[in-house]
There are 2 protein chains.
Amino acid sequence: MKKIISLSLLILGTIILSGQAKEDSLQFSRISTEILNNGKGYNELKELTKTIGHRLSGSEAYEKSVKWAEQKLRDAGADKVWLQEVIIPVWERGKESLHIKTSNGNWKSLKMLSLGNSEGIGGKDVSGEIIMVKSMEEYDKLPAEKVKGKIVFFNYPFNQAHIQTFIAYRDAGAYRRTAATLTAKKEGKFAIIRSLSSAFDDVPHTGAMRYEEGIPKVPAIAIGNTSADELENLLKMQNITAKLNSNCGMKGERRSYSVIGEITGKKDQDVIVVGGHLDSWDVGEGAHDDGAGIVQSIEVLRTFKKLRIENNHTIRVVCFANEENGTKGGKQYAKTAKENNEKHLFAIESDAGGFSPRGISLEMDDTRRNQIKSWINLFLPYGVYNFEGKYSGSDIAPLHEEGVPTAELVPDPQRYFDIHHTEEDTFEKVNRRELLLGSTVMTQLIYMIDKNW
Amino acid sequence: MKKIISLSLLILGTIILSGQAKEDSLQFSRISTEILNNGKGYNELKELTKTIGHRLSGSEAYEKSVKWAEQKLRDAGADKVWLQEVIIPVWERGKESLHIKTSNGNWKSLKMLSLGNSEGIGGKDVSGEIIMVKSMEEYDKLPAEKVKGKIVFFNYPFNQAHIQTFIAYRDAGAYRRTAATLTAKKEGKFAIIRSLSSAFDDVPHTGAMRYEEGIPKVPAIAIGNTSADELENLLKMQNITAKLNSNCGMKGERRSYSVIGEITGKKDQDVIVVGGHLDSWDVGEGAHDDGAGIVQSIEVLRTFKKLRIENNHTIRVVCFANEENGTKGGKQYAKTAKENNEKHLFAIESDAGGFSPRGISLEMDDTRRNQIKSWINLFLPYGVYNFEGKYSGSDIAPLHEEGVPTAELVPDPQRYFDIHHTEEDTFEKVNRRELLLGSTVMTQLIYMIDKNW
């Protein structure tokens with residue numbers, strides 16, 4: 001019934017707007033034609049991924065990407081470009097390896113990645129027998145003495161049956177976040193998780209984990225799906241010893257920066273934010289996550305300048321620092337905005353991969369939501385039909401907490417978790433047209449909001 | 001206004017069907033869960049592409065794919081599998097090369113592909129000065145004496161600004177089909193076209209061309225976008241000589257087969273067809289075009305059997321022969337169906353790549369179209385929202401001419417023309433989840449049609 005009401009509203013909206021809609025439709029088409037023909041985002045992404053590569057917070061590569069983004073915002077025609085200081089945590093991986101010993105007595109190496117923010121074991125070996133559980137419920141039932149001194153393998157699968165892969169990701173994500181602490185509470189030595197991966201391959205996926213205050217910080221690592229399958233099968237038949245060597249850990253804090261550029265509003269200086277995060281995990285090239293969001297956001301600004309669209313309000317691109325392991329950039333941004341008494345009208349983030357856009361997720365009151373939904377006929381020719389999501393990106397969550405209406409670009413979700421947080425998240429996995437369509441849709445939405453809010 | 005009416009109908013449909021819709025929604029979910037968890041299409045596509053590879057009509061590889069498809073249909077649980085004889089044209093490429101001579105006197109090789117069905121020059125060299133035109137209109141204005149003895153470069157670009165890439169493909173397709181005949185009519189030696197490609201790379205795209213009756217059969221070849229850019233820039237500054245050596249041509253006809261498998265209807269033997277084409281061009285692996293459509297269609301049959309869905313009508317998978325350079329398989333199928341007085345309720349084809357489905361294009365009367373549209377709320381959770389297309393696949397066009405309602409799966413169109421008819425159309429370009437979602441949506445639609453028609 002809810003759907004029926006919202007469709008009725010949509011029809012009403014269409015009728016009321018029909019005079020205006022024609023002009024907007026022409027502007028949508030100008031934006032799309034400009035970006036698909038002349039967009040620079042794809043080549044910029046190639047630069048970012050191939051000359052800088054992955055760029056974890058605290059790394060020298062991240063600092064290079066700060067300079068790079070500053071320059072690209074100037075090239076795009078920003079009226080003002082600046083760096084916003086952010087104190088970020090520094091985590092380093094170092095060397096690491098995992099071996100298992102089967103009943104024939106041989107050690108075999110498994111591909112693995114320590115989870116981000118995990119402590120290692122100072123470059124020493126730690127070994128023990130593996131105990132496998134399929135779920136938290138199963139683990140909760142295990143008496144502590146059965147876990148003590150063991151290595152816990154949380155063999156919880158990424159649920160392939162979810163059409164919306166982000167649901168499967170969130171579902172399995174609980175294991176990534178908590179496996180270490182759960183293991184430590186029962187005095188296990190370290191935790192292994194099955195990667196949060198939709199791919200049927202052996203690529204391990206890293207990503208942030210957390211330690212619970214006051215609980216020993218045991219290591220947590222991820223293995224790829226085929227290694228997890230192999231381990232699962234072996235464990236059904238025999239006892240397996242695992243040996244981990246790792247050197248990762250937190251190395252204090254560092255002064256770094258988010259990069260910001262804007263075009264000044266012609267009517268007022270109320271702010272519309274479009275952004276992504278400049279940092280990435282320390283594997284692959286951070287192409288879909290989130291180089292795509294960065295170059296798409298810069299493209300929005302460039303397109304406004306290039307097409308000489310008169311923006312009523314200030315349009316600001318924010319390349320957030322430290323989304324992956326601390327979201328310090330997002331927090332600092334909202335804090336500074338509040339201190340400076342800046343009024344933010346709206347913020348949108350692109351942080352779900354540079355795939356064909358399908359929708360815009362809206363985290364805001366129903367009046368604004370319904371207004372945006374009433375524009376659906378303008379967006380449909382661009383493949384954007386889904387305005388049902390009610391979440392937005394983690395970098396702009398602190399802004400939302402201050403009452404700012406926020407949104408996230410919703411690209412096709414089928415391929416993201418094949419490559420997310422892995423060696424495979426490279427430029428080659430990004431398609432030019434898909435990437436540029438994401439910029440197109442964000443530019444179109446900001447054009448509408450700038451004009452109507 | 002038209003959109004508003006169809007949305008009203010949709011709402012009405014939803015209200016009327018709401019009791020039934022719940023049961024259907026559960027069946028949709030069973031189908032999706034089965035295919036995403038246990039679908040075999042992705043591994044089957046790997047087999048087809050990696051053990052057989054490309055499979056042009058008339059080649060030994062095509063004959064192998066006939067045996068392969070026969071076996072896969074049996075494995076999927078078809079009640080009956082058979083081969084339908086089709087007399088197909090045989091075209092062979094042979095060796096080929098293109099060189100250009102610039103003002104420094106050196107010859108330089110350009111990557112090229114003869115267009116499919118083009119005649120070559122019997123392995124001899126033919127050379128001449130290149131004359132470039134940007135469009136047919138420009139070519140039409142050229143006096144014949146300016147073309148005589150020359151090589152015509154039809155430098156017409158694939159229009160990147162179209163969101164629906166098939167529109168850009170059809171638009172530029174006129175050059176692929178007619179360049180040779182246009183050239184011959186003004187006594188040019190051969191034609192070069194800019195590939196029908198959305199990629200900014202140097203990969204040439206082949207595809208079918210046609211000769212006009214009574215006009216000399218001069219060769220037609222395609223070059224990649226970056227070679228075309230290079231040639232365009234050179235031609236602005238100097239005269240360029242091109243030299244073609246090619247050996248391709250039609251080599252008569254051959255007896256071959258379409259492969260058919262079906263599960264018998266429980267209520268009657270009226271037929272619902274789901275299919276794709278088994279042949280491919282003679283480059284790459286024919287993975288998206290159209291190995292994807294083949295394995296998706298077989299998956300439909302397997303899923304009906306596996307889930308024990310009682311099919312009222314006969315569900316028939318057709319792996320059509322010779323779509324690429326003759327559509328003899330589709331023509332023969334419709335002819336045989338008519339001769340046998342078979343009643344066909346519906347036919348759907350998947351031949352636009354194994355990408356995430358977005359819609360179903362419907363070529364049928366408005367009553368049936370509106371009924372299918374009324375099911376939109378069932379399809380929306382699977383990302384399928386677009387029922388506005390009014391075309392269907394070329395293999396089932398002859399059935400449609402006999403009055404059969406037809407349809408085509410509409411996948412996301414952004415990546416297809418990067419790789420279509422090229423060396424790059426390989427298994428690695430196919431994503432498991434996207435491919436299986438295509439099978440899911442076709443199974444769901446056939447479930448609904450089988451039940452309601």
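Helices (H or I, at least four residues) and strands (E, at least two) are DSSP runs, numbered from the N terminus. This is a predicted model, in which local features need pLDDT of at least 70, side-chain atom pairs count only at pLDDT 80 or more, and totals for chains, interfaces and linings use all residues. Residues are numbered from 1 along each chain as its sequence is written, and side-chain values use heavy atoms, with hydrogens and water left out.

View 1. The chain here is 32% helix and 21% strand. The end C-alpha atoms are 21 Å apart.

**View 2. The aromatic pair of Phe158(A) and Phe417(A).** Rings of Phe, Tyr and Trp (its six-membered ring) pair if their centres lie within 6.5 Å; planes under 30 degrees apart count as stacked, over 60 as edge-to-face and the rest as tilted. Phe158(A) and Phe417(A) form a tilted pair, 5.9 Å centre to centre with 45 degrees between the planes. Phe158(A) lies in the loop between strand 6 and helix 6 of chain A and Phe417(A) in helix 13, so the pair ties together parts 259 residues apart in sequence.

**View 3. Charges over rings.** A charge sits over a ring if NZ of Lys or CZ of Arg is within 6 Å of the ring centre and within 35 degrees of the ring normal. Arg368(A) lies over the face of Trp453(A), at 5.3 Å from the ring centre. In chain B, Lys80(B) lies over Trp82(B) at 4.6 Å.

Conventions
Chains lettered and ligands numbered in written order.
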